Amino acid sequence: MSQPTERAGDAPHPAHDPGSLSRGVRETIEAIAIAFALAFLFKTFEAEAFVIPTGSMAPTLMGRHKDVECPQCGYHYSTSASEEADRNGVVKSDAGSQVIGCTCPICRYPMVVDPLEPAGAANPSYSGDRIWVSKVPYNFMEPRRWDVIVFRYPLEAETYYIKRLIGLPGETVKIFHGDIFTKSAESPEFSIARKPPEKLRAMAQIVHDNDYVSRELLAHDWPLRWQPWSQSDSPGDWEPSEDTRTYRTDGKGAGVSWMRYQHIVPPPANWQDGAWHEQRVPQAQLVTDFYAFNTPVTRRQHYADPAMLGLHWVGDLILDCELESMSSSGHVYFDLVKGGRHFGCDVDLASGEAQLTISGLDTFHPKAQTALKGEGTHRVMFANADRRLTLWIDNRVVEFDSSTEFDDLNNDQPHAPDDLAPLGIGSQGAALEARHLRVLRDIYYIADGPKGDPLLTDYQLAGVVAPWGTSDRLADFMANPERWQNPRDGNFFDHRQEVLFPLAEDQFFVLGDNSPASSDARLWPTQHYVERDLLVGKALLVYWPHPLTLPLPLTDKGIGIIPNLGRMGLIR
């Protein structure tokens with residue numbers, strides 16, 4: 001501990017007083033000892049800092065990664081660079097592990113991030129998020145489902161893991177068709193585990209963001225994802241703005257005027273070869289469990305693994321947009337499709353009343369009063385996830401007069417053509433403008449277990465021809481309903497398996513948010529649970545993600561000194 005400098009003429013300098021010197025040394029040593037003791041106590045009983053090493057919890061928590069901006073559409077995203085470092089975070093000397101490419105989640109442009117190339121030199125790899133973990137909560141309360149927790153790996157107790165808590169003591173956990181189901185010893189039936197609305201929003205994965213449009217795709221007449229759902233230019237039809245980011249209707253149509261989202265993504269070959277007219281004809285595909293984080297290409301690999309481009313159809317979707325009403329009356333409709341079923345929300349602009357509907361389920365009609373009334377601008381989110389409909393207006397959950405949950409509707413297989421246009425916005429008698437359109441999806445948990453094959457999939461592949469092998473084959477499969485049926489094997493999606501994980505007292509089941517790339521309790525070779533005494537604590541906040549880079553004048557380099565405030569915050 002430093003002491004203030006003394007001026008000439010003040011009290012004698014401590015150096016001339018042996019007793020004072022010994023007291024100063026003793027006080028300094030005591031202060032250091034107390035500081036270490038407090039730090040030890042804080043670490044032991046209160047909180048501890050950890051660095052995220054891998055991408056198993058991405059994008060909730062980032063391990064070693066690259067933050068990039070797509071040069072085609074301008075979208076900012078992250079891709080894993082975990083291969084570049086060992087389990088302790090030490091960067092490998094092996095040049096073959098360097099990440100040199102990745103794929104944009106919006107326009108699917110295969111981007112070069114090779115540090116040896118001019119186009120990739122501006123994309124360094126960053127270490128993982130630094131987080132605070134509190135050790136206090138679980139001393140006074142039981143861990144809760146969907147908490148993000150730190151624990152000691154059961155097969156190597158000196159190693160710390162971070163995952164999301166899924167299964168609680170005494171339950172049996174079932175993973176089936178991407179969802180989590182649980183039952184207790186007293187319950188004969190499984191019930192779906194529903195995420196609270198705030199968890200659902202925090203865990204949602206991007207499918208499309210209409211604010212990011214590739215000018216090259218437009219130049220090659222690649223179809224827009226959002227399109228007016230009409231074959232004629234009749235009054236009331238939705239029309240895109242010149243930059244295609246905004247859609248408007250005058251509300252003068254005779255019936256309901258719709259625009260719908262189709263998942264029309266270009267294949268990598270179109271970008272790589274540049275021969276757009278010779279490549280695959282644009283087709284609407286099923287939405288899959290694609291993670292941009294899982295698309296790194298290393299110097300040794302040279303191509304993205306098609307399995308990382310999303311093998312599983314995801315039907316639990318979220319529509320997010322800013323909606324401006326220029327009318328005091330009329331109706332606005334939101335529609336989500338899963339397995340041929342339409343899940344709708346009808347808002348009467350004259351009264352602000354919203355009513356939920358499910359096709360084929362006449363007893364389901366929850367109603368609520370909302371702020372979406374008359375003229376004005378509001379942010380709207382509408383979700384169908386975990387067998388529950390959720391509506392947010394201006395970031396607040398709308399409370400309905402009856403439950404918005406529903407039971408199994410036998411809609412776990414995609415149906416054409418509805419599931420190839422799974423989201424819609426409609427207008428009847430209302431002038432509307434929709435902007436900042438985003439499509440999100442729920443996490444798809446893959447039903448897999450310990451095996452020799454590193455590929456994670458919940459398809460039972462015995463007797464079934466796998467739809468992957470190349471990214472084009474996978475895309476063609478997801479776009480062609482006739483291929484979903486096989487005369488010998490029936491519907492391909494019938495071959496998705498379920499897996500069960502029973503838990504005894506004081507045993508917990510954990511999974512990663514990045515299900516295709518998480519070494520979690522599904523895959524542990526000798527046990528699938530974490531004992532209570534291995535729990536360390538609850539992850540509270542990201543206190544230091546990698547800093548933003550400040551460019552150095554007159555050079556092409558930068559220095560990371562600006563706090564990345566956008567990624568700091570509580571861990572949901």
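## A predicted model: pockets, cavities and strands

Visitor: How do the residues of the lining of the second largest pocket divide?

Guide: They divide into 23 nonpolar, 10 polar and 7 charged. Ala, Val, Leu, Ile, Met, Phe, Trp, Tyr, Cys and Pro count as nonpolar, Asp, Glu, Lys and Arg as charged, and the others, Gly among them, as polar. The model is predicted: local features need pLDDT of at least 70 and side-chain atom pairs count only at pLDDT 80 or more, while totals for chains, interfaces and linings use all residues. Residues are numbered from 1 along each chain as its sequence is written, and side-chain values use heavy atoms, with hydrogens and water left out.

Visitor: What makes a residue part of the lining of the second largest pocket, and which lie nearest its centre?

Guide: A lining residue has an atom within 4 Å of a point on a 1 Å grid over the protein atoms alone; a pocket is an open set of such points with protein on both sides within 12 Å along at least five of seven lines. By that rule 40 residues line the second largest pocket, and Pro-59, Thr-60, Met-62, Tyr-75 and Arg-567 lie nearest its centre. Its space is about 1,300 Å³, a volume being the space filled by probe spheres set on the points, which are joined across faces, edges and corners.

Visitor: Which strand gives the most to the lining of the second largest pocket?

Guide: Strand 2, with 4 residues. Elements that each supply at least two residues include strand 2 (65-69), strand 3 (76-80), helix 3 (197-203) and strand 13 (205-209). Helices (H or I, at least four residues) and strands (E, at least two) are DSSP runs, numbered from the N terminus. The protein has 6 helices and 37 strands.

Visitor: How do you know that strand 2 and strand 3 pair?

Guide: Pairing needs at least two bridges found by DSSP. Strand 2 and strand 3 run antiparallel and are joined by 5 bridges, so they qualify as a pair. Asp-67 stands opposite Ser-78 in strand 3. Both strands belong to an open sheet of 3 strands with the order 3-2-6 and antiparallel pairing.

Visitor: What makes strand 3 and strand 6 edge strands?

Guide: Strand 3 and strand 6 (125-126) each pair on one side only.

Visitor: Why is strand 13 called mostly covered?

Guide: Buried means under 20% relative accessible area, exposed over 50% and partly exposed in between, with a 1.4 Å probe and protein chains only. Strand 13 is joined to strand 28 by 4 bridges, and the two run antiparallel. His-208 stands opposite Val-439 in strand 28.

Visitor: Why is it called a cavity, and what is the volume of the largest cavity?

Guide: A cavity is a set of grid points where a 1.4 Å probe fits but cannot get out. The largest cavity has a volume of about 190 Å³. The search of the whole structure finds 6 cavities of 30 Å³ or more.

Visitor: What lines the second largest cavity?

Guide: The second largest cavity holds about 110 Å³ of space and is lined by 13 residues, of which His-177, Gly-315, Asp-316, Lys-338 and Tyr-444 lie nearest its centre. This lining divides into 4 nonpolar, 3 polar and 6 charged.

Visitor: What makes strand 8 mostly covered, and which strands pair with it?

Guide: In strand 8 (residues 148-152), 4 of its 5 residues are buried. Strand 8 pairs in the antiparallel sense with strand 9 (residues 160-167) over 5 bridges, and with strand 34 (residues 535-544) over 3 bridges, also antiparallel. Ile-149 stands opposite Lys-163 in strand 9, and its bridge partner in strand 34 is Lys-538.

Visitor: How many residues of the protein are there, and what share counts as buried?

Guide: There are 572 residues, and 50% count as buried.
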